[in-house]
Amino acid sequence: MIERAELVVTTDSGPFHIAGALERPAIGLFRGRRPEHAAAYPTAKVVFGRNAECDAKCDWDQCRDIPCRQMQSITVEEVLKVILNEGSFKNSFL
Ligand SMILES: [Zn+2]
């Protein structure tokens, strides 16, 4: 499914890395705490969630708040902006 997808929007998870490895257009939704963990794939972009309180309280790989406020801070508008500003996404998706 990912190999045939025109655009993959997913969290920091296996599907993001699979899409990146398959060189499919992808947007990864990541917590902001460890930006270096957002693997740089040529066909992928990353949107980071931001919440200072959540960032200060959580472990690096696990949020203690459910739902995570950093992830909740990511908006549909932010993701759409990435799609519209990324020429390769726009050409294949819109
Ligand atoms: Zn969190």
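Trainee: Which strands does H1 lie across, and at what angle does it run to E1?
Mentor: This is a predicted model. In it, H1 lies across E1, E2 and E3, and its direction is at about 140 degrees to that of E1.
Trainee: And which helix packs on the sheet, touching E1, E2 and E3?
Mentor: Helix H4, residues 76-85, packs there, touching E1, E2 and E3. The direction of H4 makes about 155 degrees with that of E3.
Trainee: Back to H1. Which of its residues are buried?
Mentor: Phe16, Ala19 and Gly20 are buried in H1. Seen down the helix axis, the buried residues of H1 fall within an arc of 100 degrees, so they line one face of the helix.
Trainee: What do those buried residues pack against?
Mentor: They pack against strand E1 (8-11), E2 and strand E3 (44-49).
Trainee: What about the other side of H1: which residues are exposed there?
Mentor: Gly14 and Ala21 are exposed on that side.
Trainee: Let us turn to the sheet. What is the strand order?
Mentor: The sheet is open, with three strands in the order E1-E2-E3 and parallel pairing. E1 and E3 are the edge strands, each pairing on one side only. From one strand to the next, the twist averages 20 degrees.
Trainee: How many bridges join E1 and E2?
Mentor: E1 and E2 pair in the parallel sense over four bridges. Val8, for instance, has Ala26 in E2 as its bridge partner. The chain crosses from E1 through H1 to E2, and this β-α-β crossover is right-handed.
Trainee: And how many bridges are there between E2 and E3?
Mentor: There are six bridges, again in the parallel sense.
Trainee: Where do side chains point in a strand, as a rule?
Mentor: In a regular strand, side chains alternate between the two faces of the sheet.
Trainee: A change of topic: the backbone. Which residue follows H1 with a positive phi?
Mentor: That residue is Glu23, with phi near 60 degrees, a positive value in a residue other than glycine. Glu23 sits in the loop between helix H1 (14-21) and strand E2 (26-31).
Trainee: Is Glu23 buried or exposed?
Mentor: Glu23 counts as exposed, because it has 12 C-beta neighbours inside 10 Å, and the exposed class covers 12 or fewer.
Trainee: Which peptide bond is cis?
Mentor: The bond from Ile66 to Pro67 is cis, with omega near -5 degrees. Pro67 is placed in the loop between helix H2 (52-57) and helix H3 (69-72).
Trainee: And Gly87: which helix is it in, and is it buried or exposed?
Mentor: Gly87 lies in helix H5, residues 87-93. Gly87 is exposed, with 8 other C-beta atoms within 10 Å.
Trainee: How far is Gly87 from Val46?
Mentor: Gly87 and Val46 are 41 residues apart in sequence, and their C-alpha atoms are 15 Å apart in space.
Trainee: Finally, the whole chain. How many helices and strands are there?
Mentor: The chain has five helices and three strands, and its elements run β-α-β-β-α-α-α-α from the N terminus on. The radius of gyration is 14 Å, close to the 12 Å that the globule rule gives for 94 residues, so the chain is as compact as a globular protein of that length.
Trainee: What share of the residues is buried?
Mentor: Buried residues make up 19% of the 94 residues.

Notes: Residues numbered from 1 in each chain as written. Predicted model: local features only at pLDDT ≥ 70, side-chain atom pairs only at ≥ 80, totals over all residues. Helix = DSSP H or I, 4+ residues; strand = E, 2+ residues; numbered from the N terminus. Buried ≥ 20, exposed ≤ 12 C-beta atoms within 10 Å, placed from the backbone. Arc of directions from axis to C-beta. Contact = placed C-beta atoms within 7 Å. Pairing = 2+ DSSP bridges. Right-handed = clockwise from strand over helix to strand, strands pointing away. Axes fitted to C-alpha atoms, helices over the stretch in contact; angles between N-to-C directions. Rg over C-alpha atoms; globule rule 2.2 N^0.38 Å.
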